[in-house]
Each structure stands twice: as structure tokens, then as C-alpha cells.
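User: I'm new to this one. Could you take a close look at a single part and walk me through how it is packed?

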Amino acid sequence: MADRIKKSVGLYIHYVSIHVRSVMEYKTSFWLTVMGQFFMSFNVFLGIFFLFQRFHQVEGFTYQEVLLCYGIVLMEFSLAEMYARGFGEFPGMVRRGEFDRVLVRPRSAVLQVLGSKFELSRIGRMFQAVVMFFYGVFKSGVEWNFLKILTVLFMLLGGMAVFTGLFWILASLSFFTLEGLEFMNVFTHGASEYGKYPIGIYGNKILLFTTFVIPYALVQYYPLLYLLGRRTHWIYMAAPLLALLFLVPCGVLWRFGVKHYTSSGS
Amino acid sequence: MKKYLSFFRLRFIMGLQYRAAALAGIITQFAWGFLEIMVFRAFYQTNPYDFPMDFSAAVSYIWMQQAFLAFFATWQMETEIFDSIRDGNIAYELCRPIGIYHMWFSRNMAQRMSRGALRCFPILIVAVFLPRPFRLEPPASFGHFVLFLVTLFLGLAVTVASCMLVYAVTFFIISPLGVRMVFTSAADFLSGAVIPLPFLPAKIQYVIELLPFASMQNVPLRVYSGSMSMGEMEKAVFLQIFWLIFLVFLGQILFKIAERRVAVQGG
């Protein structure tokens, strides 16, 4: 077992190194894409900046607190997009009939699909996320202690799990239909875009939905309240760990899809 | 003129074919519009005095923006055109006895209009019947509505004319990625796609409104929602016409130069 895991990790690292080396062949194009990624989320930042210039706070959250929140969400999303892009582009793989090849190889299909793409250019967004995060860390007036640092780590872990799960669902759905899958953008890009504000500001219905259906609130809103000292119960801190359970139904859907798979032929 | 109209028709019909993508797009834009309204509502509830327009005007702005997204989304350029310049298929286009600028212009107009036509009505119809604070209200007057249609068309034309400049630049540099990116992100913010321009500080808003980007979605959406005074509207329409003429003129010159010195790629 340990041996198999070691081999899988080795193989994944090999995949990643291939992707990194191949984008580095086209350095200009790579750095331009990185810049593009940066500009895209920089516009979102400008929007937040100017709204706070005018209104100073939103539902009791200050500019610094919102940046802390957005920084964390954007980090989670850009990391997930970096390594789980293979799921995101899986519909294309099914369409071209390439999944057959994956199935005949003696390695896990998930590993190979994840390894099929590694989007290094997301470091453009990552950079902005890190800057906003540290600005938030120092300026939001949070009194940092061990438990709060742990909470941030939980948030990152849980958030990456939720976004990975969503990309995984997108990949699994492509076993059944290849049309109209763009609606999944609402949950992936939509969440990263609108996750810039604490979810509580969107009202109760959205908060309920994001607590029990797609657990964004578990990785964003509740632990954020803990960080900012608005709640002190330990459950707010541990909420992101609960979100890890989201991967279970995603995995079940994937397995069901693989069983269901019929090749597109050729 | 007839040949350009037929290019227009061809693209228009082609665009209507992608119905599943349109449905997915409609759902996405709904969710987007709804969340955007919730954001502005949260700010409005926190501090209604600093809100630069009526709340219902902001709601109309957002719904109209989502409904006509395909008209103004500068990131939706035709990849076919970039590809044809890069891989040399442009040679076939140049052989045709028609002006390439006009052909691409009409193609782009058609593509955006067909996408918009497929997507706008479901969004508009549902948005009109939503409960009160989220409802898309009718325009301030019939005059506003007519002016909205005029400025919508002008805004679309300005958008296409600016995209034409990006295509033109591609003739001179092979990888348009950088230019395209800077253009898209600048246009996104400066046209009021990220937040409506009245939410910016007054001085910044004043300068931005003079730029061609503000002649894109900013004008029709604000005319519809009634957040512009009579004088502002006159100025805005004048600027739209000015920028349209200027951009088309500039684009044609660039295309002329490009066609003269074009090096066809590939074999």
C-alpha cells in the first residue's frame, strides 16, 4: 500500500514536471498568460477597492477583513485550478475518446486525469491572493494565535477540497452529457468571484444553500467569523474540516460515471 | 452592401445554432446577476446615503448588463480571425473581392447580436416578474427606451470597432495575447462591467467617461436605468458617435497598412 502511494506520488510529480517544462518552452506566452490571470482578478480587486472607498464597510465587515477573506478564497481557487484543471478539461478528453487510453493503463484513472494538465499560469492570481491575504492578516486587527493560524490552514484545505470536488463533479457529469456543462462555472468561477465577500452578506437563503448543499460557507463564512473574533465556539473553527466530506459524494458520482462510460469511438 | 449583409446573416444563423451553450449561459448569467444584486443590496443596506443612484436603477443596470452580456463582452473575440492571421488562412480572405475590414466588422456584429438575441429574452422576461427589490423595472419613459435602443446599438458598434483594432494589431505582431489581455482588462473595468461607473469617485468617473470604453455598455445601461440627466445623455450620445467614427477610421487605416505589408504565414 505504502509502496503504491509512493509510486503514485512519484508519477504525479513526473506529470507535473513534464507540464512545467513544456510551458517553459514558450516563456513569453507563459508570462503573458500569468499577467492575464493577474489582471483578471485585479479588476475584481479594483471593484472592491472603489466600493469601500464609497461605503467604508459592508454589513459590519471592513475593507481589510474583506481582503483577508478574498485573499484566502482566491488562494484556494487558484491552487485548485492549478492542480485540478485536468478535471476541468476532462469533457474534452471524453469527446476526443482519449479516456479509453487512460482506462487501459494499470494506474488509477483519477491520477492520470489530474496529471493530464497542470495550469502553472495561475500563479498570477496566486500572487495577488497572497498579497491581499498578508495585507488582511496585518491590517484587519485580528489577534493571531495558534488556533487562528490553524483555522486559516483548515480554510485553505477545506476550500481546496470544495473546489476540487466541484471540478470533479464537472468531470463526472461529462460521462452523461457534454452539452451545457458551462453552467458549472456558476459554482466554480462564481464562487471564487462572489466569495470575495463574506457569504453572510448574500442573505439567509444563500447561506443555507452554501452550508448544506455546496459547503462554501463552511470553508469561508463560519471560520472567518472565528478568525475575526465574532464567534468563539470551536465548531466554527472546525467547520472547514466538515467540508472535506463533500469529496465523498463527488467520488461516488465519478465511480458511477466511469462504470457508465461508453467510448465516443474512433 | 448586400455582400456584407449576407456575411451578417450567415454568422447570425450560425450563432443561433448553439442552443445548449446558450441555455447554460443564461443560467450562469442569472446566477451572476442575482449575486451581483445581493452585493449591491448589502452595500445599500449598510449605507443608503452614499449610493449614487436609486437602488432600482442599479438592479435594472445589472439585469440589462447580464441580458446583453454577449453584446459587450470584449473577451469574446473571434478566435477564428486570430487563427487565420497566424496560420495563413487569411490569404483566402484577401483573395475575395471585398473589403476585409467591412467583412469582419459585419461578422462580429452578427455574432454578438445572435448570441445576444438568444440570451437576452429569457433573462429579461424572468427579471421583469421577480419580486420587488429584485425586479427589472420598465425604463423611465418611452423616450428613454428609444434612446436606450439607439445607444445599445451604438455601444455595440463601438465595442466591435475597438475589437477590430485588436485584430489589426495582430497583423503586425504574431502573438496577440498581450495586447488582447491588456485591452480586455482595461475595457472590463473602464466600461463599467465590474462596477457601474457612478460608483467611482467623481473625478475619476469624469475622466473615464471621456474614454471610448465608457461609450460601450456604460451608456445604454445607464440610459435605461434612468440614472443620467438630460445633459449627460446628450454628451454621452455625442461621445459614442465621435468614438465610433474615430475608431472605424483608425481601424480602416490600420487595415490598409496591414494589407499592404501582410506576410502570409505558413505554406
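Analyst: Let's look at one pair of helices and the core around them. This is a predicted model, where local features need pLDDT of at least 70, side-chain atom pairs count only at pLDDT 80 or more, and totals for chains, interfaces and linings use all residues. Residues are numbered from 1 along each chain as its sequence is written, while chains are lettered from A and ligands numbered from 1 in the order in which they are written.

Start with the largest nonpolar core, which has 137 residues. Such a core is a set of buried Ala, Val, Leu, Ile, Met, Phe, Trp, Tyr and Cys residues joined through C-beta atoms within 7 Å; buried means that 20 or more other C-beta atoms, placed from the backbone, lie within 10 Å of a residue's own. Phe167(A) and Met164(B) have the most contacts inside this core. Helix H3 of chain A, residues 63–88, gives the most to it, with 15 residues. (Helices are DSSP runs of H or I, at least four residues, numbered from the N terminus.)

Now for the partner: helix H8 of chain A covers residues 146–173. The axes of H3(A) and H8(A), lines fitted to C-alpha atoms over the stretch in contact, come within 8 Å and cross at roughly 35°. Residues meet when their C-beta atoms lie within 7 Å. On the H3(A) side, those meeting H8(A) include Ile72(A), Phe77(A) and Ala80(A); on the H8(A) side, Met155(A), Phe163(A) and Phe167(A) are among them.

Back to Phe167(A): leaving out residues up to four places away in sequence, Phe167(A) touches Ala80(A), Ala84(A), Phe87(A), Gly88(A) and Thr188(A).

Conventions: Buried ≥ 20, exposed ≤ 12 C-beta atoms within 10 Å, placed from the backbone. Helix = DSSP H or I, 4+ residues; strand = E, 2+ residues; numbered from the N terminus. Contact = placed C-beta atoms within 7 Å. Axes fitted to C-alpha atoms, helices over the stretch in contact; angles between N-to-C directions.
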